[in-house]
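Q: I'd like to learn how to read the packing in a model like this one. Could you walk me through it, one feature at a time?

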Amino acid sequence: MVEREKLEEIFAANGTTEDKLLGVLLEIQAASGLNYVSQEDAEYTAEKFGMTLSRIYEVISFYSMLSMKQRAKYVIEVCKSSACHVRKRKNLLRMLRDILGIDAGEATEDKVFYIEEVNCFGACDMAPAIKIGNDIFGNLDRKSLTEIINRYWEA
Ligand code: FES
């Protein structure tokens, strides 16, 4: 859940017209620290935008980058589309399980990482690939994956 003051800041900076809703929800999600939009924040957003709560939920469920479920500080997106699939996506998930002890749809106990399987994010030429925030990492093997994870862990 995001502090009211921060929410007000987000609404003031973006405006509260329907065309701003996606951007606002993404900012709320980023400010949550756990990459999700809480029910309370969704309710307050609905009030501010003069919309029904079900419309807010509709938008959140339409966009795969938005979530109502608490995730973690970093969401590791693992591509499940064909190019990555052919090029050993399963191995990637296995390596992530070995390094982090979690499967897709789970968060580490310290809430630093959450693994999410997503559709192609355009890095097919360097499959298998993952995405963390705006950063894409490809051609991964156990060594490079471990290095990337450690870098985020230390950040
Ligand atoms: S198929 Fe995996 S990034 Fe495109």
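Q: Which residues have the most contacts inside the largest nonpolar core?

A: A nonpolar core is a set of buried nonpolar residues joined through C-beta atoms within 7 Å. In this predicted model, the largest such core has 18 residues, and A72, I76, F113 and Y114 have the most contacts inside it.

Q: What is I76 in contact with, leaving aside its neighbours within four places in sequence?

A: Its partners are L96, F113, Y114, I115, I130 and I132. Apart from this core lies another, with eleven residues, including I10, L21, V24 and I60.

Q: How is the chain divided into domains?

A: Domain 1 covers 4–62 and domain 2 covers 74–154. Their C-alpha centres are 28 Å apart.

Q: Now a helix pair: at what angle do the axes of helix 1 and helix 2 cross?

A: Helix 1 (residues 4–14) and helix 2 (residues 21–31) have axes that cross at roughly 150° and come within 10 Å. Angles over 145 degrees count as roughly antiparallel, so helix 1 is roughly antiparallel to helix 2.

Q: Is the crossing left-handed or right-handed, and which residues meet there?

A: Helix 1 passes helix 2 in a right-handed crossing. On the helix 1 side are K6, L7, I10, F11 and N14, which meet G23, V24, E27, I28 and A31 of helix 2.

How values were computed: Residues are numbered from 1 along each chain as its sequence is written. This is a predicted model: local features need pLDDT of at least 70, side-chain atom pairs count only at pLDDT 80 or more; totals for chains, interfaces and linings use all residues. Domain bounds come from an automatic or database domain assignment. A residue is buried if 20 or more other C-beta atoms lie within 10 Å of its own, exposed if 12 or fewer, and partly exposed in between; C-beta atoms are placed from the backbone. Two residues are in contact if their C-beta atoms, placed from the backbone, lie within 7 Å. Axes are lines fitted to C-alpha atoms, for helices over the stretch in contact, and angles run from 0 to 180 degrees between N-to-C directions. Helices (H or I, at least four residues) and strands (E, at least two) are DSSP runs, numbered from the N terminus. Angles under 35 degrees count as roughly parallel, over 145 as roughly antiparallel, 65 to 115 as roughly perpendicular and the rest as oblique. A crossing is left-handed if the near helix is turned anticlockwise from the far one by less than a right angle, and right-handed if clockwise.
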